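Please keep the sequence and the structure in view while reading.

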Amino acid sequence: MSTLPQTRTLPVPDGLEGERVDAAISRMFGFSRTKAAELAAAGKVLVDGAAVGKSERVRGGAWLEVELPPAKDPVRVVAEPVEGMEIVHDDEDVVVVVKPVGVAAHPSPGWRGPTVIGGLAAAGYRVSTSGAAERQGIVHRLDVGTSGLMVVAKSERAYTSLKQQFRERTVDKRYHTLVQGHPDPMSGTIDAPIGRHPTHDYKWAVTAEGKPSVTHYDLIEAFRAASLLDVKLETGRTHQIRVHMAAHRHPCVGDLTYGADPTLAARLGLTRQWLHAVRLGFAHPGDGRWAEFESGYPDDLTGALAKVQEESA
């Protein structure tokens with residue numbers, strides 16, 4: 001059930017001295033800057049008792065009062081089969097799946113489609129109870145429009161171990177992506193911070209205030225209008241490969257959200273970004289031995305790649 005709005009009052013930390021109101025609210029309450037700006041525009045943000053706009057600056061020690069939006073109904077896991085989701089490994093600690101396109105990792109506000117967690121529940125799998133209720137067992141995610149390998153923790157020790165491995169960047173996450181044009185250099189590293197897009201809440205972008213993000217890439221094969229890359233993620237930010245390749249002026253083919261050519265996507269029959277998690281390796285939480293899994297391309301990506309190859313012949 002939804003609840004009435006709540007007002008929270010907190011002193012501005014000294015470390016946020018000089019920050020914009022929307023940035024300070026974002027940092028203090030975990031909102032996106034767009035949502036924070038909306039609250040300020042609606043007169044729901046006071047500093048020392050006076051209403052302020054989103055671009056005003058805060059000082060350390062000032063009292064920030066924010067009227068929070070009503071709490072939303074809790075997100076629940078719905079157990080329903082997921083067509084095309086493949087189980088590639090299962091033991092007492094982990095289950096490794098190949099997530100199809102169009103499937104989210106876990107339920108979230110506004111998403112009514114299938115989820116990996118819901119699919120596992122429908123198949124009778126019991127996962128770790130660690131984590132928020134709607135994403136128990138989830139230690140990493142793939143975008144709805146990205147297919148490929150995911151590991152889900154079944155035991156509590158697996159959840160703790162895998163979360164630590166992802167945090168310490170020891171997990172080997174490999175992706176293949178078809179990008180527009182030809183990156184220069186053909187192999188390289190993109191080291192650029194990623195944060196919320198300043199004007200579009202549903203997107204991410206390279207921003208000075210973003211979190212450190214590192215992507216390594218190597219050319220597999222160059223075609224007339226595109227390049228197939230092997231990508232290794234050092235960090236795991238939302239939309240990281242998509243954002244970094246777009247910032248590098250070589251967006252993933254089919255990724256219209258981040259500036260890909262819609263004509264090329266249509267010609268290749270793509271309705272999503274050409275991006276697939278092909279390999280996943282980690283120290284198994286049970287015995288510490290290295291475990292590694294691989295996944296081939298799904299049909300839509302295979303078909304698009306074949307057309308690119310034909311056009312380059």
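Which residue in E4 does Val 47 stand opposite? The residue opposite Val 47 is Leu 64 in E4. The model is a predicted one, in which local features need pLDDT of at least 70 and side-chain atom pairs count only at pLDDT 80 or more, while totals for chains, interfaces and linings use all residues. Residues are numbered from 1 along each chain as its sequence is written, and side-chain values use heavy atoms, with hydrogens and water left out.

**Sheet and first helix**

Helices (H or I, at least four residues) and strands (E, at least two) are DSSP runs numbered from the N terminus. An open sheet is formed by 4 strands in the order E1-E4-E2-E3, with antiparallel pairing, where two strands pair if DSSP finds at least two bridges between them. Because E1 and strand E3 (50-51) stand at the edges with a single partner strand each, one side of each is left without a neighbour in the sheet. Between E2 and E4, which run antiparallel, there are 3 bridges.

Helix H1 (residues 21-29) is largely enclosed by the rest of the structure, because 8 of its 9 residues are buried; buried means under 20% relative accessible area, exposed over 50%, and partly exposed in between, with a 1.4 Å probe and protein chains only. Among the buried residues of H1 are Val 21, Ile 25, Met 28 and Phe 29. The buried residues of H1 pack against strand E1 (6-11), helix H2 (33-41), strand E2 (45-47) and strand E4 (63-68), where contact means heavy atoms within 4.5 Å. After H1 comes Gly 30, with a positive phi near 80°.

**Aromatic pairs**

A search of the whole structure finds 2 aromatic pairs. Rings of Phe, Tyr and Trp (its six-membered ring) pair if their centres lie within 6.5 Å; planes under 30 degrees apart count as stacked, over 60 as edge-to-face and the rest as tilted.

| Pair | Centre to centre | Angle between planes | Class |
|---|---|---|---|
| Trp 274 and Tyr 297 | 4.9 Å | 75° | edge-to-face |
| Phe 282 and Phe 293 | 6.0 Å | 35° | tilted |

Trp 274 counts as buried, at 0% relative accessibility, whereas Tyr 297, at 26%, counts as partly exposed. Since Phe 282 lies in strand E14 and Phe 293 in strand E15, their pair ties together parts that are 11 residues apart in sequence, and both Phe 282 and Phe 293 are buried.

**A loop residue and the cavity**

His 239 lies in the loop between strand E13 (226-233) and helix H5 (240-247), and at 15% relative accessibility His 239 counts as buried. Not counting residues up to four places away in sequence, His 239 touches Asp 143, Tyr 202, Trp 204 and Tyr 258.

The lining of the largest cavity includes His 140, Lys 173, Tyr 175 and Arg 279. A cavity is a set of points, on a 1 Å grid over the protein atoms alone, where a 1.4 Å probe fits but cannot get out, and lining residues have an atom within 4 Å of a point. Strand E8 (172-180) and strand E14 (275-283) each supply at least two residues of this lining.

Key. On a 1 Å grid over the protein atoms alone, a cavity is a set of points where a 1.4 Å probe fits but cannot get out, and a pocket is an open set with protein on both sides within 12 Å along at least five of seven lines; lining residues have an atom within 4 Å of a point.
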